[in-house]
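Thank you all for coming.

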Amino acid sequence: MRAWLYLIAAGVAGAIITTPALLVLVFAGGSVDDALFAALGTLMLVSALAVVTMRDIIRCGLAMIVSFLALAGIYVIVGAPLVAAAQVIVYIGAISVLILFAIMLTQSKAGPASLVFQTQAAPAAIAAIVLAVLIALGVSATDWGELARRTRLSTDALARVLFDEFVLPFEVVSVLLLAAVIGGVFIAKREEEPD
Amino acid sequence: MGLANSLDAYLVLSGGLFAIGTFGFLARRNAISMLMSIELMLNAVNLAIIAFGAFIPDFAADASVIALMVMAVAAAEATVGLAIIIAIYRNRKTPLVDEYDAMRR
């Protein structure tokens with residue numbers, strides 16, 4: 001019985017994701033890239049909504065992984081393959097696993113809390129919708145000047161810029177990461193019981 | 001001029017993701033959920049930076065470098081944030097932020 005429910009849920013989710021892609025492909029006359037963009041964008045937004053609304057926090061963490069994966073696909077479409085690879089390695093491989101571990105360390109035995117949202121959830125929803133509308137209006141009203149679509153940035157050119165022009169920020173970031181690791185271990189380590 | 005070739009589409013998508021992250025940060029009770037919302041917002045900013053880099057020729061390589069730096073800073077932020085949450089959980093036995101009221105009583 002549960003298995004049928006999961007199958008139906010998966011079918012509904014697949015339909016939600018593929019519908020905009022098919023609409024773009026068939027009715028708006030878009031290319032395959034446009035259809036992929038619509039599908040991945042829908043998947044990213046739907047799974048991000050799942051992250052902020054679902055009750056079980058483990059499922060929130062898994063939905064966050066789906067959202068990161070869809071965003072990596074969008075990076076590939078926009079023509080930044082190295083950033084997409086870094087997105088998969090850093091976000092899905094490191095940060096998501098870290099967050100899932102923290103979830104498992106802080107879950108109480110009583111299960112998920114009965115109240116998921118704070119009391120200010122309704123004003124927060126209104127504020128978020130207003131923010132999204134404002135960003136959309138601002139973006140469409142702005143004239144971005146001379147735009148030229150670049151298809152793909154080669155990893156070679158990116159590496160030259162990263163290790164030539166941006167060497168100092170690169171080293172500073174490595175020091176920051178070291179400091180974060182030491183700080184994280186120091187804060188999270190169990191304190192010695194005073195005798 | 002399709003969806004995948006318009007800067008506006010990428011920026012609107014990025015704005016939507018940022019708004020969802022804002023809602024999650026303001027509305028969720030669980031501290032780890034709030035941290036996940038911050039990650040969503042950082043991802044939205046990264047998407048906007050990469051989109052600008054793909055459409056403005058002078059900004060092409062710089063955008064990818066900035067996005068990689070943002071990822072590194074996000075990793076550092078997640079490390080320290082989760083360590084703080086685990087340290088608080090060890091003392092208060094709850095991950096819910098509205099029960100951290102030691103300075104209000």
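Chain B has 3 helices and 0 strands, where helices are DSSP runs of H or I with at least four residues and strands are runs of E with at least two, numbered from the N terminus. Read from the N terminus on, the order of its elements is α-α-α. Before I go further, this is a predicted model, in which local features need pLDDT of at least 70 and side-chain atom pairs count only at pLDDT 80 or more, while totals for chains, interfaces and linings use all residues. Residues are numbered from 1 along each chain as its sequence is written, and chains are lettered from A and ligands numbered from 1 in the order in which they are written.

As to overall form, the C-alpha trace of chain B spans about 55 × 25 × 20 Å along its principal axes. Its radius of gyration is 18 Å, whereas a compact globule of 105 residues would have one near 13 Å; that radius is taken over C-alpha atoms, and the globule rule is 2.2 Å times the number of residues to the power 0.38.

How many residues of α1(B) are buried? The number is 15 of 21, so this helix is largely enclosed by the rest of the structure, with buried meaning that 20 or more other C-beta atoms, placed from the backbone, lie within 10 Å of the residue's own.

Let me turn to the partner chain. 79 residues of chain A are in contact with 66 residues of chain B, contact meaning that the C-beta atoms of two residues, placed from the backbone, lie within 7 Å. Several helices of chain A each supply at least two residues to the side that touches chain B, among them α2 (32-53), α3 (57-78) and α4 (81-106).

Finally, the largest nonpolar core has 77 residues, and those with the most contacts inside it are Ile74(A), Leu47(B), Ile50(B) and Ala51(B); such a core is a set of buried Ala, Val, Leu, Ile, Met, Phe, Trp, Tyr and Cys residues joined through C-beta atoms within 7 Å. Helix α2 (residues 31-55) of chain B gives the most to this core, namely 16 residues. Domain 1 (1-107) and domain 2 (153-190) of chain A each contribute at least three residues, their bounds coming from an automatic or database domain assignment. If we leave aside neighbours within four places in sequence, Ala51(B) is in contact with Val78(A) and with Leu7(B), Tyr10(B), Leu11(B) and Ser14(B).

Terms used: A residue is buried if 20 or more other C-beta atoms lie within 10 Å of its own, exposed if 12 or fewer, and partly exposed in between; C-beta atoms are placed from the backbone.
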